[in-house]
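Good morning, and thank you for coming.

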Amino acid sequence: MRYTWSEEQRLLRDTVERYVIENLGFAARRDKPQTPRAAWRDMASLGLLGVAFDERYGGGGGSPLDTVLVMEAFGRGPVVEPYVSTVVLGGGVLRHAGDEALKAELIPKLIAGDTLFSFAYAEPRSRFNLANVELRAQTVGNGYELSGQKIVVYGGPEADVLFVSARTAGDTRDRDGISLFMVPADAAGVSRQDYQTMDGLTASEIAFDRVRVPAEAIVGEPGGALPTIERVIDDAIVAVCAEAVGAMSALNERCVEYCKTRVAFGQPISKFQVVQHRLVDMHVAYEQVAALTLRAALALDQDPVSRGRAVAAAKVQLGQDAVFVGKNGVQLHGAIGMTEDLDVGHFFKRITMINSLFGPVEHQLRRYRELRGHNEGAARGH
Amino acid sequence: MDIEQLDPTPEDYAFRDEVRRFYDQNLTDEHRRAALLTTWALAEFEYGRSWQKILYARGWGAPNWPVEYGGAGWSPKQRLIWEMESQRARPPEIMRMGKNLVAPCIMTFGTDEQKAYFLPRIISGEDWWAQGYSEPGAGSDLASLQLQATSDGDDYILNGSKIWTTFAQFANRIFCLVRTAKMQKKQEGITFLLIDMDSPGIELRPIYTIAGEHEFNQVFFTDVRVPKSRRLGEENAGWSVARHLLLYEHSAGLLRMVTELRWRVRWLNELVGLEADGYGGSLRDDPDFSRRLSLLEIAVEAADFAAAQLIADAKPGAPPDATGELLNIRNRETAQALTELGAEAVGYYGAPDQRGARKVVTDVPVVGPPHVLLPMPFYLAQRANTIAGGTPEIHRNNVAKHLLGL
């Protein structure tokens with residue numbers, strides 16, 4: 001099966017790419033620094049915050065492929081706005097778990113750029129296991145009280161509203177008993193340690209100390225949130241894979257250009273076979289990740305097993321091939337590639353962070369194998 | 001490597017105990033922390049400087065130098081014991097461009113005046129040297145350097161720039177390769193100069209790395225006057241001085257690299273024990289992760305034993321052969337793979353930019369548990385391992401030509 005982009009999709013891609021290069025990318029940010037939320041408002045007015053949402057909430061139509069296009073363009077920046085945390089993760093919780101009233105209330109605010117969201121799920125001992133939730137929500141009166149800790153919450157400093165995974169029943173690693181809560185970022189008992197990340201984004205350590213929320217703060221099915229969380233994270237994995245694909249394409253372009261102009265030993269280094277083969281391998285790597293990213297995007301609405309395998313496969317490929325391109329992007333540029341002055345190092349760092357995000361190769365392989373077992377079991381009639 | 005492999009005598013054990021005692025008594029907590037926080041070649045400058053002064057006071061300021069210049073007069077075996085004990089103690093890595101790089105060149109090519117003036121200042125820790133080799137247009141292909149030195153009476157007048165000069169912001173001297181003539185072979189027409197950093201016309205531009213550190217600089221020279229008495233060796237013969245230095249760097253580099261690899265394996269083993277796997281155990285229990293770590297551990301055992309053999313077989317004073325260069329190709333790649341595994345080991349905590357917390361003295365708290373502070377910047381900084389000192393691509397060409405005769 002070959003997927004062909006529609007005319008609208010090509011237009012979207014070109015628009016976003018131009019906007020990113022002129023306003024959000026590395027060079028634009030260096031040359032004309034913007035006030036924090038100005039870029040966000042621009043993105044809202046261009047409709048970029050709404051591409052993944054249904055038209056009835058003011059969105060662009062909700063195809064996962066549109067998100068892929070936007071993220072690829074962002075990857076070519078690289079863009080440091082809290083798009084994944086607000087739109088893909090926060091917006092994902094709303095799309096997949098929110099009831100009609102909540103969606104109708106909050107999605108338009110998200111799309112307009114008025115309300116920013118973040119999703120707090122990782123914990124000090126959870127590593128990449130989404131079922132590992134220690135943060136507790138105890139019933140108190142007719143509401144809940146949340147206590148525990150979330151780590152490396154991307155977009156935490158900008159968020160107005162936090163979605164938080166919490167345990168309402170069962171033991172630390174049980175698949176059942178996990179619920180999603182909506183918590184105002186300024187609620188009493190919420191304390192944040194904000195910081196920048198190595199790749200120029202923002203994140204927070206967030207402590208919840210007996211944070212009181214009403215019963216309506218639960219989003220989705222009480223005690224049964226894990227399948228939703230897995231779905232939201234899969235959406236986000238595809239988004240960051242697409243971002244990495246954009247970063248890879250930019251790096252490959254930079255490298256070809258640089259190797260053709262950089263002279264050593266009396267000739268452009270692009271004349272050396274070792275350099276030519278490396279550049280070809282980097283282009284092969286790009287095709288591999290781009291292919292599996294697109295396939296994973298097309299699988300997002302399938303059953304959880306097919307979806308999970310396709311997403312895990314894309315992330316595994318990223319962990320090998322995008323990382324290869326990142327490292328060699330630096331290597332082919334030499335020392336200048338290791339500096340903050342050039343975008344090459346920033347692409348490399350973004351790819352490095354994306355590789356760890358939601359679990360690198362080992363974690364995704366484990367998941368891939370488990371899901372394959374599930375499939376084979378089903379085929380044998382178990 | 002281990003002392004038992006050296007066929008030790010009672011005197012060797014006594015020497016080892018003496019060195020060990022010296023480290024135990026003199027290495028402060030701040031020195032140890034400075035060593036621990038080092039993500040690339042050198043520790044925070046202040047701590048390297050104070051450690052050099054302590055070494056000098058003990059008579060070990062430059063133990064491998066000839067005795068007449070202040071060396072310790074150790075046997076090859078004692079030097080190895082010193083290296084092993086240093087590996088065990090992990091002092092801060094001193095800004096070594098003076099002591100290890102320019103000093104041997106001054107000893108070989110310098111005038112009596114140059115030797116008498118510069119060497120004591122290096123060993124005492126009074127002078128700190130930067131290395132002015134690379135230029136924007138001359139990296140691995142060093143001989144195409146362009147920094148212009150024009151003769152003017154008793155002086156040269158310098159115009160151009162040097163780049164990637166590590167820690168030049170702390171140096172009071174810089175040794176440079178400059179172009180004094182255009183000749184048919186680009187290796188000819190290069191001259192080696194010893195320059196004061198406070199000479200009028202020298203300007204520094206800091207360059208920040210992707211790990212967020214100020215290690216590199218670009219050094220600009222605008223009509224900088226350097227007296228000809230500061231030339232090392234003959235005019236237009238600087239390349240042979242430089243070659244001498246590069247040889248020295250390679251052979252010392254092999255031992256240092258293996259030492260470093262062994263330490264990293266220990267470090268990584270500790271790290272995986274401290275990280276939760278998310279399923280109730282530690283990352284050590286993860287079979288995929290363990291497999292990668294074990295493969296690297298075995299690569300380091302091979303590197304260690306191969307280096308020990310090479311060093312044991314080396315004829316004293318003879319220039320190292322290309323086998324050392326060949327071994328170091330793999331060693332650098334292994335070093336990077338170890339830091340890559342470390343960066344993955346810390347999971348989400350690789351992300352926070354913690355440059356503020358990565359100082360010897362700081363009040364910035366670490367985001368997350370203490371062990372997550374270093375692995376990611378370590379990984380990022382170590383990309384330089386296959387760039388600085390010539391890329392593996394270039395080294396492979398050299399080995400193919402000189403060792404395999406291709």
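What you see is a predicted model. The crossing in which H7(A) passes H9(A) is left-handed. In the contact of these two helices there are 17 nonpolar, 5 polar and 5 charged residues.

I described that pair by two quantities, and I shall keep to them: two packed helices are described by the angle between their axes and the distance between the axes.

Let me stay in chain A and turn to a second pair. Helix H1 of chain A, residues 7–24, and helix H4 of chain A, residues 64–75, have axes that come within 8 Å and cross at roughly 25°. H1(A) is therefore roughly parallel to H4(A). What is the handedness of the crossing of H1(A) and H4(A)? That crossing is right-handed, whereas H7(A) passes H9(A) in a left-handed one.

The residues that meet here can be named. From H1(A) come Gln9(A), Leu12(A), Arg13(A), Val16(A), Glu17(A) and Val20(A). Facing them in H4(A) are Leu65(A), Asp66(A), Leu69(A), Val70(A), Ala73(A) and Phe74(A). By class, this contact has 8 nonpolar residues, 1 polar residue and 3 charged residues.

We now step back to the domains of chain A. The domain assignment gives domain 1 at residues 7–116, domain 2 at 118–224 and domain 3 at 227–379. The C-alpha centres of domain 1 and domain 3 of chain A are separated by 22 Å. Their contact takes 20 residues from domain 1 of chain A and 24 residues from domain 3 of chain A. On the domain 1 side, the elements that give two or more residues are helix H2 (26–31), H4 and helix H5 (83–97) of chain A. Which of the elements provides the largest share of that side? The answer is H4(A), with 9 residues. The side of domain 1 that touches domain 3 in chain A has 14 nonpolar, 4 polar and 2 charged residues.

Two backbone details in chain A deserve a moment. As background, most residues other than glycine have a negative phi, and most peptide bonds are trans. The peptide bond from Gly77(A) to Pro78(A) is cis, with omega near -15°. Pro78(A) is in the loop between H4 and H5 of chain A. The second detail is Phe265(A), a residue other than glycine whose phi is positive, near 55°. Phe265(A) sits in the loop between strand S9 (263–264) and strand S10 (267–268) of chain A.

Chain B is divided into domain 1 (3–94), domain 2 (129–237) and domain 3 (253–402). Between the C-alpha centres of domain 2 and domain 3 of chain B the distance is 31 Å. How many residues of each are in contact? In chain B, 6 residues of domain 2 contact 8 residues of domain 3. The domain 2 side of that contact in chain B comprises 2 nonpolar, 3 polar and 1 charged.

Helix H9 (residues 322–345) and helix H11 (residues 392–402) of chain B pack at about 150°, with axes 10 Å apart. H9(B) is therefore roughly antiparallel to H11(B), and their crossing is left-handed. Among the residues that meet are Glu325(B) and Arg332(B) in H9(B), and His395(B) and Arg396(B) in H11(B). This contact divides into 5 nonpolar, 3 polar and 4 charged residues.

Finally, the two chains together. The model scores ipTM 0.94 and pTM 0.95. Between the chains, the contact takes 37 residues from chain A and 33 residues from chain B. The elements giving two or more residues to the chain A side include strand S3 (143–154), strand S7 (202–214) and helix H9 (304–333) of chain A. H10(A) supplies the largest share of that side, 5 residues. By class, the chain A side has 17 nonpolar, 11 polar and 9 charged residues.

Thank you; I welcome your questions.

Conventions: Residues numbered from 1 in each chain as written. Chains lettered and ligands numbered in written order. Predicted model: local features only at pLDDT ≥ 70, side-chain atom pairs only at ≥ 80, totals over all residues. Domains from an automatic or database assignment. Contact = placed C-beta atoms within 7 Å. Nonpolar A, V, L, I, M, F, W, Y, C, P; charged D, E, K, R; others polar. Helix = DSSP H or I, 4+ residues; strand = E, 2+ residues; numbered from the N terminus. Axes fitted to C-alpha atoms, helices over the stretch in contact; angles between N-to-C directions. Parallel < 35°, antiparallel > 145°, perpendicular 65-115°, else oblique. Left-handed = near helix turned anticlockwise from the far one by under 90°.
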